[in-house]
Amino acid sequence: MRESYAVLKPGGFLAGYSIHSSPFLSSVESTRARELGPSFVDGLDDPGYVAGTAGFSEISVTDVTPNFRETCVAWIEAMKSLEEELMAELDPADYEEELRNKTDMLCGIEEGLLIRSLIVCKKE
């Protein structure tokens with residue numbers, strides 16, 4: 001976020017998606033969120049807070065988790081239906097790891113531990 005702020009022109013906007021842990025998780029739930037989420041979920045605070053500490057203003061954070069859940073389901077279904085073709089093109093261990101990562105992320109969403117947000121903010 002800080003790097004984006006540094007290269008953005010004054011008056012410019014930044015828009016992007018973030019996967020982060022849900023607020024107010026217990027330590028056990030936070031550990032589980034880190035296990036299920038992408039590697040960068042570890043230590044990621046609320047994206048609005050991160051944008052603010054980077055210097056951005058006019059920060060808008062929109063929860064798009066339900067739509068992202070549908071995307072995760074579609075990824076998993078597509079990977080399973082194209083398994084033979086994907087295994088021919090990819091290293092089998094890479095295929096299995098990617099399928100496990102997608103399945104874990106879906107599990108984290110369904111357990112209420114992970115959130116997908118759209119963040120839009122402005123550099124003054």
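Predicted model: local features only at pLDDT ≥ 70, side-chain atom pairs only at ≥ 80, totals over all residues.
The protein chain has 6 helices and 3 strands.

**Overall layout**

- The order of elements along the sequence is α-β-α-α-β-α-α-α-β.
- The protein chain has 124 residues, and 31% of them count as buried.
- Along the principal axes, the C-alpha atoms fill a box of roughly 50 × 35 × 20 Å.
- Take the contacts in the protein chain with a separation of 6 or more: 79% of them join residues 24 or more positions apart.

**Helix α6: the buried side chains and their partners**

- The buried residues of α6 are Tyr 95, Leu 99, Lys 102, Met 105, Leu 106, Gly 108 and Ile 109.
- These buried residues pack against both strands and helices.
- The strands are β1 (13–21) and β3 (114–122).
- The helices are α2 (27–36), α4 and α5 (83–89).

**Helix α4 against helix α6**

- The crossing of α4 past α6 is left-handed.
- On the α4 side, the contact is made by Thr 65, Phe 68, Arg 69, Cys 72, Val 73, Trp 75, Ile 76, Met 79 and Lys 80.
- On the α6 side, the contact is made by Tyr 95, Glu 98, Leu 99, Lys 102, Thr 103, Met 105, Leu 106, Ile 109 and Glu 110.
- By type, the residues of this α4 and α6 contact are 11 nonpolar, 2 polar and 5 charged.

**Helix α2 against helix α6**

- The axes of α2 and α6 come within 8 Å. They cross at roughly 150 degrees, and that makes α2 roughly antiparallel to α6.
- Helix α2 contributes Arg 32, Glu 35 and Leu 36 to the contact.
- Helix α6 contributes Asp 104, Met 105, Cys 107 and Gly 108.
- The residues of this α2 and α6 contact divide into 3 nonpolar, 1 polar and 3 charged.
- Met 105 of α6 is listed in the contact with α4, and Met 105 is also listed in the contact with α2.

- Beyond neighbours within four places in sequence, Lys 122 is in contact with Gly 11, Gly 12, Phe 13, Phe 56, Ser 57 and Glu 58.
- Leu 118 also lies in strand β3. At 25% relative accessibility, Leu 118 counts as partly exposed.
- Not counting residues up to four places away in sequence, Leu 118 touches Gly 16, Tyr 17, Ser 60, Val 61, Thr 62 and Val 64.
- Leu 118 and Tyr 5 are 113 residues apart along the chain, and their C-alpha atoms are separated by 17 Å.

**Strand β2: Thr 62**

- Thr 62 sits in strand β2, residues 57–63.
- With a relative accessible area of 38%, Thr 62 is partly exposed.
- Leaving aside neighbours within four places in sequence, Thr 62 is in contact with Arg 116, Ser 117 and Leu 118.
- Thr 62 and Val 120 are 58 residues apart in sequence, yet 8.7 Å apart in space, C-alpha to C-alpha.

**Backbone points to check**

- Most residues other than glycine have a negative phi.
- Phe 24 has a positive phi, near 65 degrees. Phe 24 lies in the loop between β1 and α2.
- Phe 24 is exposed, with a relative accessible area of 83%.
- Glu 58 also has a positive phi, near 45 degrees. Glu 58 lies in strand β2, and Glu 58 is among the contacts of Lys 122.

Note on methods: Residues numbered from 1 in each chain as written. Heavy atoms only, no water. Left-handed = near helix turned anticlockwise from the far one by under 90°. Helix = DSSP H or I, 4+ residues; strand = E, 2+ residues; numbered from the N terminus. Contact = heavy atoms within 4.5 Å. Nonpolar A, V, L, I, M, F, W, Y, C, P; charged D, E, K, R; others polar. Buried < 20%, exposed > 50% of the residue type's maximum accessible area, 1.4 Å probe, protein only. Axes fitted to C-alpha atoms, helices over the stretch in contact; angles between N-to-C directions. Parallel < 35°, antiparallel > 145°, perpendicular 65-115°, else oblique.
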